[in-house]
Amino acid sequence: QVQLVESGGGLVQAGGSLRLSCAASGSIFSIYLMAWYRQAPGKQRELVAGIARGGSTNYADSVKGRFTVSRDVTKNTVYLQMNSLKPEDTAVYLCKVTATGPSGPLPSDYWGQGTQVTVSS
């Protein structure tokens, strides 16, 4: 029932910017957390940025000062503004939403399919 669709990825040169979007749809009752992860070839998936229900945010040290996570609660959408991109930012970026649904009162994690971000040098 719950579907996450990421968009906004692409190919940019080092120093450029991209804005990722993740739209959640389906039987979502309450969203507790929306987050962005990334996974590069040969590396483990890592948390990039997250925003909680109360609006608090957290970032990986490697992206602090360059990336900004935000949300539009009316659209169930989370964004990731990525500035000053570096080649090491190249990865598949995945959206995760922690939310409650019709299955019960306990929240579950839902994952998108991912969007490719490639930063060339």
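Y37 counts as buried in this predicted model, at 15% relative accessibility; buried means under 20% relative accessible area, exposed over 50%, and partly exposed in between, with a 1.4 Å probe and protein chains only. W111 is partly exposed, with a relative accessible area of 35%. The model is predicted, so local features need pLDDT of at least 70 and side-chain atom pairs pLDDT 80 or more, while totals for chains, interfaces and linings use all residues. Residues are numbered from 1 along each chain as its sequence is written, and side-chain values use heavy atoms, with hydrogens and water left out.

One aromatic pair is counted. Rings of Phe, Tyr and Trp (its six-membered ring) pair if their centres lie within 6.5 Å; planes under 30 degrees apart count as stacked, over 60 as edge-to-face and the rest as tilted. The ring centres of Y37 and W111 are 5.0 Å apart and the planes stand at 55 degrees, so this pair is tilted. It links distant parts of the chain, 74 residues apart: Y37 belongs to strand β4 (residues 30–39) and W111 to strand β10 (residues 104–111). Strands are DSSP runs (E, at least two residues), numbered from the N terminus.

Two arginines sit over tyrosine rings. The criterion is CZ of Arg, or NZ of Lys, within 6 Å of the ring centre and within 35 degrees of the ring normal. R19 lies over the face of Y79, at 4.3 Å from the ring centre. The charged end of R53 is placed over Y32, 4.2 Å from the centre of that ring.

The largest pocket holds about 180 Å³ of space. A pocket is an open set of points on a 1 Å grid where a 1.4 Å probe fits, with protein on both sides within 12 Å along at least five of seven lines; lining residues have an atom within 4 Å of a point. Of its 15 lining residues, I31, M34, R71, V73 and N76 are closest to the centre. Strands β4, β5 (46–52) and β7 (67–72) each supply at least two lining residues. β4 gives the most, with five.

T115 is in strand β11 (residues 115–120). T115 is buried, at 10% relative accessibility. Its side chain reaches the backbone nitrogen of G9 at 3.3 Å, a polar contact (N or O atoms within 3.5 Å, one able to donate a hydrogen and the other to accept it). G50, in strand β5, is buried at 2% relative accessibility. The C-alpha atoms of G50 and A60, ten residues apart along the chain, are separated by 9.3 Å.

Note on methods. Helices (H or I, at least four residues) and strands (E, at least two) are DSSP runs, numbered from the N terminus. Grid points are joined across faces, edges and corners, and a volume is the space filled by probe spheres set on the points.
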